[in-house]
Amino acid sequence: MTLKHDTHPDLSRRALVAGLGALPAMPLLASGPASAQTGATPASVSGVFRHPGLLMAQTDFKRIRDLIAAGAQPWTDWWNKLCADRATALDVQPNPQAEVYRADSSKYAMYRDIQRAWCLALRWKLSDDPRYADKAVETLDAWSEKLKVIGTVRPGSTAHDDHTFILLAGMQGHQWAQSGELLRDYRGWPRANLARFQHMLSTVFAPISAAFLSEGRLGSHANWEMASLCGALAIGVFCDKPELYRLACDVYAGNNRGKLRNFGNGSIVHGVYFLHPGHLGQWEESGRDQGHSTLGMSLGGDLLEMAWNQGDDLYGMHNNRFLAAAEYVARSNLLDEHGRTYPMPFSREHDPSQPHPSMWKAVNQSFQHGRNAWEPIFNHYVNRMGLAAPNVARMVVQCEPNYWSGGGDDMVFPTLTHRRTAYAGPMKPPSGLIAPVRDGRPVLSWWGSVGAHSYVVKRGAKAGGPFTHLATIAAGQLLTYTDSPAPGVWFYQVTALGGGSASASSNIARAAVPGEPRLSMPLNGVNGTGTAGMFQSPAGGWSVVEGKLLDGAVWGEGRLNDQAIVFDGKKAGLQLPSGIFSGLDDFSVSMWAYANSLHWDSSLFFVGQDDFSSMAIVPQAGNGMRFVIFGAGFNDAQVVEAPGFMPIRRWVHVAVTLKGTTGRLYLDGKEVAASHEILLSPRQVGDQVAFLGRNWAHPSFNGRIQGLRINAGALSAAEIATLAK
C-alpha cells in the first residue's frame, strides 16, 4: 500500500490564512464532562465561557492569596521573588513592534513584553494594587495599537523561511491571551482598548493557528500543533469565540465526528505514538531530543489546564493518555541512583521532519532538560486527583528553580501560579487497569495512588471473584505485570497498600487467553438488513451491531447460493462500527472475497484512527498482496507481504493474524507470508474509522465480500484452515 502524503506542503502564512474567512461552527465534543469545579455544562457544549478561566480561575487567586497571607511555602518565597523581579518594575516602558519575525531580534521585544505583562497582571491579581494593572494595560494597549504582522522572515531577508511563524502565532498568541484574561475585569482598562486587544489576537494570531489545525498535518512535529492548540483555545476563551475553542478541543481529542479527517501529531491520539507497559506513553518528539519533548509537556499542561477551567476534562481523556506521555518524558530526563539515564522502551518511529524512511530507533537522552514544564501536570494528576506520577514528581522538584523562559516558549513563575497543597484525601484505588493480551499473555498496566507503598495484583475466574494473589509490586517500580494463566477468560484486579491499610480495589480488567470471538458478520443478505453481526464487547456480553452500506455498495450473488456485498471499484464501501478492535494487541481477521479485477492500494479492510494511523489488507500493493499497519502516515509502515497478488475471478479466503510481533497472512487457509517485526497493533493505531471494501483515499475494492470474522487473539494455522473450508 503506497499511501501518499504531502510531506512538504505549502506552509506559507498566505497559504494558511488565505480563504479561511469566518471559522465554521465545529461539532461539539462527544460528551463533554461536567465541570469538576462547578457542575456546570462544559464550554465545549455550552459555548459559554467562565472568566477568568485560562491558566488561572478566580478560585486560584483566593487560594494563593490565603497561602501567602499564612506564610506558606513555596508560595511566599515565589511571591517575594515575583515582587523583586524587574519584570514588575513600574519604570520600564513597553517596546511594541508593527511587525514581528521569528527569524530576527524583533521577537525578543514581544517575548519580554508578554512576560512583563503577565507578571504585572499577576502581581495586581494577588495584591489588588492598581499600579501594576495600569502598567500591564499600558503594555497590552501599546501592542494592540501597533502590531499588524507576524511572520518568520522579514520581507527582503535572505534568511531561510522555516515557517516557524506557526509556533510564534500559537505560543505567543496564547501567552498574550493569558494576560488579557487576568485583566479583562479591571475597570481601569477601557472597553474599547480591550476590544482592540481582542481584535489583534483574533486577526493577527488566531487565523494562523486555526488554519494549521484545520488541515490535519502529520508532516510536522507535535509541538507545532500543540502550540496552535494552545493559541486557538486561549484566544477562543479570551475573545469569546466558541467555534475556535471547540476546534482546539476536537483536534486534541482526535474526534472526527464520523467524518473523514486527519489529525496531526499534536492530537493526543498521535502525540503518544506508542503505549508501553506501565502506562508509559512514547511521545512523538522523544526520538528527537529532550528540549523539544519537554516543550510538548509545557504546552500540553497549559492546554489541559485551560480546558479544565472551562469544565472540559482533556486531562483524563483516553485513560489519562497525556499523563502516560508525561511520565515517559519525565523518566527520559531523570537519572538513576548511579547517575545513569534510565533505559527507555521505544518503538521505532518515523522522523516527520525527514523523508521516508528516516526512522528514530531510540529515545534521544544525550542531555536532560531542566524546563519547568511540570507544574500543571503534577498539580492536576497528583495534588488535585490523587494519582501517583513518580517521574513527574521528581522532575517538579528538580525543575522548580527554573521559573523563567529566555526563549519565550513557556509561561513564567509556574510554581506560584499552579502549585496546590499536597493531596490530603483518602487513598484512591488504583485506576485505569487494562490487560491486553500480547503474545498470548495478559499484560497488566494501571495508575497508582498517592500514599501507596505497594500494589497487590489479583486474578479470578469470575468478575465478582474470588480473586487469588499473584504478585505484590512496589510503588517505585513500573506499574505493570505480565501473567501466564491457563487458557480461559480471566479477571484482574489491583489493590493499593499504604498507611497501614488497603485501598478499595481497582476496576476489573478482563482477558481471554489465548483469545475469543469478537465479531461475526456473515454479510449474506439474510439477517435483517444483511449487514447485521454479533459483537462481543471487551468486557464480555454479546450484542447485535450493523454496518452501513456506502456510496453504491449493493447486494449481489454470494458464495453459497446466498448474497454478498458488491463493491464497484469506485467509492462503494461498508462502514463498520467503531470499537470493534478496542484494546486488542493479538488479533485475527478473516473474510471471503471475490475480485473482478485489482487496483493498486484498494483495500479489502481498513481500520484506524485516521489515514495516518491505521491498518489494512490490500490485494495489490508493492510486489504482492499485503497486510500493512502504520502509525505515522505510512512512513513507519510494518508489512506482511505475499509473493503474489490476490487471485481474481474466484472466491478466496483471506486471513491475517498477529501474535506478539509476528504477523501472518493466509490465503485459502494456507500461510503465504509472515513477519516477526510487527510492533504496532490495533490498540496502538485505533479504530475510530472502520471500512470493508474501501479505504481513505483510493478506489474501492472491485468485487464481493462476505463472512467477516474478527477474533481477540491469534487463531492457529489449523483454525484458519478450518475457516477456509
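Modeller: The account below takes the salt bridges in turn and then turns to the aromatic rings. The model is predicted, and a search of the whole of it finds 24 salt bridges. Side chains of opposite charge can pair when their charged atoms come close.

Asp 66 is partly exposed, its relative accessible area being 40%. A network of salt bridges also links Asp 60, Arg 63 and Arg 420.

Asp 129 and Arg 131 form a further salt bridge, in which the closest N and O atoms are 2.8 Å apart. Arg 131 counts as partly exposed, at 47% relative accessibility.

The side chains of Arg 459 and Asp 483 also meet in a salt bridge, at 2.7 Å from N to O. Arg 459 is in strand E10 (residues 454–460), while Asp 483 is in the loop between strand E12 (480–482) and strand E13 (488–498), so this pair ties together parts 24 residues apart in sequence. With a relative accessible area of 4%, Asp 483 is buried; the cut-off for that class is under 20%.

Arginine side chains also meet aromatic rings. Arg 331 lies over the face of Tyr 342, 4.1 Å from the ring centre, and Arg 694 lies over the face of Phe 691, at 5.0 Å from the ring centre.

How values were computed: Residues numbered from 1 in each chain as written. Predicted model: local features only at pLDDT ≥ 70, side-chain atom pairs only at ≥ 80, totals over all residues. Heavy atoms only, no water. Lys NZ or Arg CZ within 6 Å of the ring centre and 35° of its normal. Salt bridge = Lys/Arg side-chain N within 4 Å of Asp/Glu carboxyl O. Buried < 20%, exposed > 50% of the residue type's maximum accessible area, 1.4 Å probe, protein only. Helix = DSSP H or I, 4+ residues; strand = E, 2+ residues; numbered from the N terminus.
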